[in-house]
Amino acid sequence: MNHSAQDRIWKLCRGLLPVACSALLLPGCYTGLADVAGSDGSDGGEGGVGSSGDGGEQGEGSESGDPARPAEEPHFVPTPLARLTNDEFVNSAATLLGLPKDSELVVGAVSNLASEPDVGGLSNDANNQLLTHVGISAYSTVARAMTDAFLDDVTTVDALATRIGCVEDAAGAYDLPGCTRDFGATLVGKAFRREVMEQELSNIESLVDQVDELLLEHEQDPEALDSHILRLRTIVRYVLLSADFLLLVERGAPGEGDDPKAPIRLSSAEIATRLAYFLTGTLPDQALLADVEEDRLADPSVRLEHAQRLLSSEAGRLMFTQTLSSWLGVSGGQVDADAAAAAALSAFIDDWFTEQRPFAALYQAPISVEHVDGTQTEEPFGVLGMRAFVASHSSYPTPGFITRGVFVVERLLCSHLPSDIPADALDGEEMTPVEVFEEHAKQPCATCHVIFDNYGAAFQRFGTETSLYDLSATELGSSFELPALGDVSGPVEGVADLGLAMGNSEQAPACMAELWYRKAVRRSLDADKGDDEALGQLINTWQGSGDTSMKSLLQAIVASEDFIMLFP
Amino acid sequence: MTVDEGITSVGSKQNRRKFLKAASGLLAAPFLSFRAPRARAAGAPPLRLMTIMDSYGVPTTNRGETWIDSAVGDYALTNDSLGTILAPLSSYRDNMLVISGLRLDSAIVMNDAATHDRITGQTLTGSRLVDSVTGSAGTQHHASVDVHIGKYLSDDYGLTFPRIYSHLFLSDYSEASKTTFCFNEQGSQIRSISGVGNIVGTLFGSSEDANAVLLDTRAQQLALDLVHERLQSVRGELVNANAATVMDAYESSVDELATELELRANLQCTPPDITGAPDNGARNASSTPFIFASIYQAFACDLASSITYAIGGETINQLKYQFLYDQEAHNDESLLDLLKKNFHAASHRNDPAADKAHELVRTYQAGLLAELLDKMSTTPDIDGSSTMLDNTVIFVTSAMSNNTHKRGDYCHLLLAGSNTNLRGGFHYDCSGSTNNDLLTTIAGGLTLPDTSFGGYDASGTRLEQLNHGPITKMLKA
């Protein structure tokens, strides 16, 4: 291997544990693939939205240790300006308006928002969140729907007054315009997640005045119920479409930011916002806001207390389950997992999380497996044997060993496969899966296919069409040699062996740590600028604590100094 | 990588909102309509493009019976030359350009035989996707032809009045990562507006009382103005490296929505009746007639220059066609199974049942298209001097050439109105021409001056051998 090729492979290895690099040094597979920005291999910022990925050849000049890089260049990745994800937007709006999270409207609202790219199982990568007018339009539509839900059973002006907390005056009358303004001011205070400025209150006043003028021009009764509703709806729209709500605006603590090149410590309010969205996917709660008042959140022990509390809350558990399900690709497969299977998976994840089970249990815990003959047995397959997972990675009629193998290799082990099909790729449409498997074992296919075909072959007993377990399905062979991906390697007979190899490895937990690190920093990783060191440190802290549970990992993230810093 | 949603641009000229404000007197008199009259300048017919994109094309078996009598040579079409799939369109034979023998060379060079997302990303661009990983959204080097033509017709063609949308991408049911037909000018994937309800809601708005809608629109504009004002303040406080890019996009998005609202407020366009339509998320092919009705209404209201419809959600094998099964006529459980369970599976087989499934689906879709043409051919266009069909080019194309994931010998169909530059009524044997040449020809059919289209490889190198210019025999001039 020449020096240039080694360089490219080293680029691939950036951001992964050193052990992962040995896997990437497989001959032939990865030459020419230069993008490590997105864990799913996406280009990590096409369009230039502050891309932290190297974008292929453009990144050549910024190699770690590259003499072309000025010595004084800051060794950190700039914090991107991030936007709320669809889930975060809906959760936050529902919280602001006091709508039940499980209401039909709230649950359905996310699907009405503009779609957002999935980057390695996460939707919060700031460099892939470019706004379009369709997105803004969808926010506006959902804002209206949420306002309608908030006022759902309001049929009189008095009922509306009560709904927005208006109190009768001495004469038994409501000052609804005044109450509307107060409602707006309160909404702004909560939504903007910081102290409200005088000008912002004036803006609400001004907006209500303009709506009043509009009503006048349209010869509408300003005291009619519909007129009051229009005022409220307009305020809600303004608030939910405002940059102060939609974007995670961070300015730093007072007195910070004198050196434009130096990291800035966040204000308490900003730390509270990071904590809340990272751990619960919604606005800071009262306990966090109380510590904002006391300016205590720079203290890692205080953050840890909040983390323990929030991760045990319903919102924290839901956030975790949803994040992990998304990462496991459960909702993105071509074959839908049925509701019962999806619920079983959620329950499994929730148990693993809340009971603080060790990391290895994810791939090794006993689960109930449904067989093709209708029987059920308990098997040590962990999530790898959950029907929702297996079915989600079954793009029938593509042979299951390909689909499943690619997912395990790329997503669960954070290894990168080539982005292109070689010019002499096999056209195997007329072949049976077994024939395809056998052909793939020969060169030139084997160079790459031997990796994911063998990882996927471990799932051969899970039917591609039904995802049910069939002990007699051994047509691909009885044992498969896993090519080394980090420290995962060796012969396996089935999913139990694969789970054993993954659960006991360093590669799989490192990959999990990378997921949550990316979620925390809301961007793809850039090993050149310190992500490799930060991630390595995080993994050492987590794994070195003796507690390999996920709560331990998340707590290690929020307790770190980087978590409360803004990198300009 | 970025992903757009459904609509490529609104008010695509940079100064359009200002223009509209001035034109409508928005600042001084917000409710003054500028719409009427919408007559266009003489000599500039309101040309438009509709693209219907399926995934699997036409089965190779019995093409002589199902598609066209002979794929060899150029000849004038007769009813006898039309196969079972094209027969429902026989009333529009003189508008038809039936194309055989075309090579999707961009795919041949790329050797992306069976990967849906890659081939679908190439058909309307004639270029290879920028390196990407299967399953992730693709990125192209340039806009797809439908977007390109839509932009031209909206911005440069010389329309007297602006259309709200230069391009719309619609689908029955979308799995975004696989639906990579359309790309914007930056080469980013455009995701479709999916489902009947979403399409009608996006294009035609609420069905509330008109005055209430207008009030809500105006109030929404007030909120947007304040949002815009706040953006200016926030911008100055940000230290993030990507702040300028994010804020630019934010501002232009708010501005474009305001433009759309202004255009919509001045446009009276009745939504199509979608009573009985399946839910947005339903995997039900009965959504197709409702989406055709939405496209008709969008064109009738002159909302868009170019609309692309990914018909049937075929890349994701989700839509069900069991209603096409006739027990008496078909009596084939295997066929029924394919139609009701997994239409995609029929694309991996070339047995009689799979071929029949494709023939039934294509024939059904052609019948619905014929109904759309019936309406377009009898509806006066916005210029008052021609019918909608006269000014429309309909491009029926496929991601793959046939139902076994192949990429050679594509069957394409164009339906061209009399005011376009395409010469209808013929079968064209395009052996020796490329997909790029056809895309150039379609552009020329809609007055674009292009002499080539696409032809880039993954690294962005132009492969000159892919472009030979427009296929002149298909053009009037």
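This report describes selected helices and strands in chains A and B of a predicted model.

## Chain B overall

Chain B contains 13 helices and 11 strands. Of its 477 residues, 64% are buried. Among the contacts in chain B with a separation of 6 or more, 72% are between residues 24 or more positions apart.

## The sheet of chain B

In chain B, 9 strands form an open sheet with mixed pairing, in the order 3-11-4-10-9-2-8-5-7. Its edge strands are strand 3 (75–76) and strand 7 of chain B, each of which pairs on one side only.

Strand 8 (residues 306–310) of chain B pairs with strand 5 of chain B in the parallel sense, over 4 bridges. Within that pairing, B:Leu170 is opposite B:Tyr309 of strand 8. Strand 2 (residues 48–54) of chain B also pairs with strand 8 in the parallel sense, over 5 bridges. Here B:Met50 has B:Ile307 of strand 8 as its bridge partner.

## Strand 5 of chain B

Which way do the residues of strand 5 (residues 168–171) of chain B point? B:Leu168 and B:Leu170 point one way, while B:Phe169 and B:Ser171 point the other way. In a regular strand, side chains alternate between the two faces of the sheet. The four residues B:Leu168, B:Phe169, B:Leu170 and B:Ser171 are all buried.

Besides strand 8, strand 5 of chain B pairs with strand 7 (residues 193–194) of chain B, in the parallel sense and over 2 bridges. B:Ser171 is opposite B:Ser194 of strand 7.

## Helices across the sheet

Helix 5 (residues 145–156) of chain B lies across strand 2 and strand 8 of chain B, and runs at about 165 degrees to strand 2. Helix 12 (residues 352–376) of chain B lies across strand 2, strand 9 (392–398) and strand 10 (410–416) of chain B. The angle between helix 12 and strand 9 of chain B is about 175 degrees.

## Helix 7 of chain A

Helix 7 (residues 176–191) of chain A has 16 residues. From its first C-alpha to its last it reaches 22 Å, close to the 22 Å expected at 1.5 Å a residue. Its buried residues include A:Leu176, A:Cys179, A:Arg181, A:Phe183 and A:Leu187. Among the elements that cover the buried residues of helix 7 are helix 3 (86–97), helix 5 (133–150) and helix 8 (198–217) of chain A. After helix 7 of chain A comes A:Arg193, which has a positive phi, near 60 degrees.

## Helix 20 of chain A

How many Å does helix 20 (residues 446–457) of chain A span between its end C-alpha atoms? Helix 20 spans only 14 Å, whereas a straight helix of 12 residues would span 16 Å at 1.5 Å a residue.

Helix 20 of chain A is mostly covered, with 10 of its 12 residues buried. Among the buried residues are A:His449, A:Phe452, A:Asp453 and A:Tyr455. The cover over the buried residues of helix 20 includes helix 18 (400–412), helix 19 (433–440) and helix 21 (495–503) of chain A, together with strand 4 (480–485) and strand 5 (488–492) of chain A.

## Helix 11 and helix 14 of chain A

Helix 11 (residues 268–280) and helix 14 (residues 314–327) of chain A pack at an angle of about 60 degrees, and their axes are 7 Å apart. Helix 11 of chain A is therefore oblique to helix 14 of chain A.

In this contact, A:Phe278, A:Leu279 and A:Thr280 of helix 11 meet A:Ala315, A:Gly316 and A:Met319 of helix 14. The residues of the contact comprise 4 nonpolar, 2 polar and no charged.

How values were computed. Residues numbered from 1 in each chain as written. Chains lettered and ligands numbered in written order. Predicted model: local features only at pLDDT ≥ 70, side-chain atom pairs only at ≥ 80, totals over all residues. Heavy atoms only, no water. Expected span 1.5 Å × (residues − 1). Buried < 20%, exposed > 50% of the residue type's maximum accessible area, 1.4 Å probe, protein only. Contact = heavy atoms within 4.5 Å. Axes fitted to C-alpha atoms, helices over the stretch in contact; angles between N-to-C directions. Parallel < 35°, antiparallel > 145°, perpendicular 65-115°, else oblique. Nonpolar A, V, L, I, M, F, W, Y, C, P; charged D, E, K, R; others polar. Pairing = 2+ DSSP bridges.
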